[in-house]
Amino acid sequence: MLKNLKNDSVLRNLMFSCVFLFFFFTGANLNAAVKNNSDSPQNFEVSGTIIDKSGMPLPGANVMEKGTQNGTQTDFDGNFILEVESEDAVLVVSFLGFATQEIELDGESEIEVTLVEDNAALDEVVVVGYGTERKRDLTGSVASADVESFSEFPNPSIAQTLQGSVTGLNVGVNTSAGRDPEISVRGRTSINGNRDVFIVLDGIPYSGNIADLNPNDIESITVLKDPSSKAIYGAQSANGVILVESKKGARDNNSKPVISYSSSYTTQNPSNELQLLDRDGFIEKSYDYDFEQAYEAPDYTDLKSDISYMDIVNDPELRRGFENGTNYDWWDNATNPGYISEHDLSIQGNTGETSYLLSGNLTEQQGFIINDKFSRKSVRLNIETEVTNWLRVGARSSAVFSDLSGNSPNLNAIRFMTPLVEPRDEEGELILNPNGTQILNPFVTELADDLEHRNTLIGNFFADIDLGFIPGLSYRINYGNSYYWNKYFQSNEYANARAGSAFKRNTSKYDWTLDNIFTYKRKFAEKHNVNLTFLYGRRGVSFEGSKAEGSNFSNLRLGYNDLNQAGVQEIFSSGYKEDYLYQMGRINYTYDEKYLLTATLRRDGFSGFAKNNKIAMFPSLALGWNISRENFFKSEWIDNLKFRGSYGVSGNLVNRYSSLARINTFPAIVFDDGGNTEFGQEVQNLSNPNLGWEKTKGYNFGADFSLFNYRLNGSIDYYLSHTSDLIFDVSIPQITGFNNITTNVGEVKNHGLEINLEGKVIRNNDWKWNVNFNFSLNRNNIVSLVDLDSDGDGQEEDLVNSGLFIGESINTIFGYESEGIIQMGDEVPDGFLVGTHRIKDQNEDGRITPDDRVILGRREPSYRFSIFNEIGYKNLSLRVFINSIQGGENGYLDGNNINVGGGDNGRRRNMYEGLDYWTPSNPGAKYRRLDQAPATDFTHYDSRSFIRLQDVSLAYNFDFEFLRSNGVRNMKVFFSGKNLLTITDWNGWDPETGAGIQVGARPLLKGLSMGVNISL
């Protein structure tokens, strides 16, 4: 039945695609017919030559009449002839590697155009906080993602697009459909504080799920990394800022509407599939588990000739399965091949006064694990209109409806299940405990009636007003509204020992922002450029949640829609409100494009902070020197060189109730037998009216450069930050009635290096080859904690139980070292067994105690790098993206042990194939014996370093005359692959997820994709 459903899904997607294609081509022919009947004749002929600055002709340059599809290319000598609609037409001239020019004819019938080398990267406008800047004028560390180059890769979420593609931005992998990965910028700067990156969508804070944003709606993504650039967002920017801009209407005035459709289908299977032991493997593992009973003494290397599995197992269920020849594949029945199906339709246009974009998206994703599903339906309308020459108004709005309904099997229980038992009996009824133990059947969760909906409505309304009474002064008002409401309903007749359980959970959040932005831009005396920005804003967030649940159902036929049938009923509710008030002033000053200054001061207030510290100031200063524009700087191979440095302070929010004394309720008095219960209240913690903000002070020093006629562009950044006043629970005397109080103590240091290189290796009429290389490393270490000095030696002590050590990284690994596995015939220390690890006695006191633990390494990586290659030949393009994280000598480590438990539990539990565990016949194994753990066990910490072929795409742009004659502007077909190859020594599902052999984790998925883009 599952196969039929999968086939139906594929058929449905194909039919959906055919309907859209029929619609497009029908509309295209109609559009072309109207055009042929209504367009005025082309009656003005223009000819000319296209050359470079040295006078050499440029063969194959494109010459287009602006606003039309009418165009031609230059011949071998750079000459062209083109008929246009009128003598006042505008020609758009472009050639690979050169800046595009627009030429107004003004009646000229013969022209000569000199194209100059393209340094557009320097003139590119980059979105920064509350405005834009030219890239050449930036003084901070700001990075832009190449959204267009990654558009052909099968990434249903923009988080996957960002993974490894932006220096300093660390995006984790996602193994569940529709979920968000962990995102950080330049590592950790806090221990207990908020670690979320601050995301701004179209100028308004976005607190929804990244997976709910349609990647095809995104125009640009900018990451603010250094203290100067991100301090403009003050109290919420310590962990970095990501600015996301959605697409707008067409840029060209009076351009005809462009209808675009794209569709793709992607397969999904594990990039590295582990296999659980089958019947024979499980029985062999059972003999190894009880080797002293199953093998001949004294060497225990030869299996007893008369041994049977029945001799070493007592569980009736396992004995019955052995006798029946049962060989059930739990993993195979919990999985199926997955897929991603995407359809996007958009209309983009510009009437001269009004530009608009209307788009719709349908994404269907089925993960590899059954019931791991995600469906996203989204609609976006972005519109701007010029009401008068001094007033422009617009809206950026979207609606997203995501469905994650369906429960997957319990993968940890799947891993433990022996192939000798099955999930259902002969009548097809589910067996709650197939192993005969308390381990629940993994498919119980999968059978739940599960509904999970995420819904989002966003409307950002704005007006730009040119205040003409002061030249250069403008005012913008942003009024953003975001409404999120979620439904999570579930019922399961098998839960609660077949007594049944059900619940309904509803949550809603309303997030509004009102920004008043004044901008003053003027140029004085040709060389002085001033850009002033003033902001006054307010934000409010309100949340409500309720949950009703029941258990012990007499009748669960109506599932979660009839909780009245529950014998035990409970109701919970919650809610909160937050308010933000902020002001900001920023000045950008440029002198002769040589000397750059950016100064910012932001004042933030947050209702969730303590009574005496609700307001904080966040200043920043950045300087830049474009030395390549100095008269004394002469170089034939350096086209641009700019040095910059910045300092700034940013803040970090904590839980809204951290400074308050919180109250718990508890059942205090029960009146009579079966009477009412009266609840009492008790104070849970002390308040701290002086609790302040975590503040991060940081420096950034960098250089931007362009070399060899702009063929090599890049940047280098070194940064250093100190986070002080960490939010920490500090122990206090119990005489107060409490164990601790939340306060500001401690300091963390963070520093790193980032390098970005962009090379244009080949660029001519037919070929192009671009290479992008990113490298980053980050280190953090704890400078101080809670000033604990219990032994009075004047040195602050580590918080060993919390895993925090002065002078070490936040994610330091602290444990025992092994001196090898104890072999047969070796002296066995007290508390240990043959086949277990001999723990190193660090202090040589003859005992193994917690004092023998040492620092083994850290979980943070040593460095990251990525390489993006883009090779094009005429209309064919190949893109290859390689991503890597490396741990170096003792970094990027994680625990990875076999864990089947001991005693009868270990006999019942399954495990993955090919694990190198100790037996008398395998003395050189990596892992200890299976059956028993010593008093002090050893944990393997393995390197997660890897190099991954993360993305590959091959695309072809059709440029056939018959397509254009039928109204098709562009048609592209592409094939792509995801996570096709991973080189690593990690033993487990995947090194980047950290999913090893000890847990029932989800695999990282690879995929092959095929898609098409059509524009009319």
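Ring pairs join Phe150, Phe153, Phe868 and Phe881 into a cluster in this predicted model, where rings of Phe, Tyr and Trp (its six-membered ring) pair if their centres lie within 6.5 Å. By this rule, 32 aromatic pairs are counted. One of them is formed by tyrosine 580 and phenylalanine 606, which are stacked (planes under 30 degrees apart), with 4.9 Å centre to centre and 25° between the planes. This pair links distant parts of the chain, tyrosine 580 lying in strand 26 (residues 566-591) and phenylalanine 606 in strand 27 (residues 595-606), 26 residues apart; strands are DSSP runs of E of at least two residues, numbered from the N terminus. Tyrosine 580, at 8% relative accessible area, and phenylalanine 606, at 3%, are both buried (under 20%, 1.4 Å probe, protein chains only). The rings of tyrosine 591 and tyrosine 595 are also stacked, because their centres are 6.0 Å apart and their planes are at 5°.

A negative surface patch comprises Glu273, Asp278, Asp280, Glu284, Asp329, Asp332 and Glu913. Patch residues have over 30% relative accessible area and no salt bridge, like charges being joined within 9 Å; a salt bridge places a side-chain nitrogen of Lys or Arg within 4 Å of a carboxyl oxygen of Asp or Glu. Glutamate 913 is located in the loop between helix 11 (903-908) and strand 45 (941-943), helices being DSSP runs of H or I of at least four residues.

Residues are numbered from 1 along each chain as its sequence is written. Local features of the predicted model need pLDDT of at least 70, side-chain atom pairs count only at pLDDT 80 or more, and totals for chains, interfaces and linings use all residues, while side-chain values use heavy atoms, without hydrogens and water.

Notes:
Patch = residues over 30% accessible without salt bridge, like charges linked within 9 Å, V, L, I, M, F, W, Y side chains within 5 Å. Areas by Shrake-Rupley, 256 points an atom, 1.4 Å probe, with all protein chains shown as cover. Lys, Arg positive; Asp, Glu negative; His and termini not counted. Charge placed at Lys NZ, Arg CZ, Asp CG, Glu CD. Phe/Tyr/Trp six-rings, centres within 6.5 Å; stacked < 30°, edge-to-face > 60°. Buried < 20%, exposed > 50% of the residue type's maximum accessible area, 1.4 Å probe, protein only.
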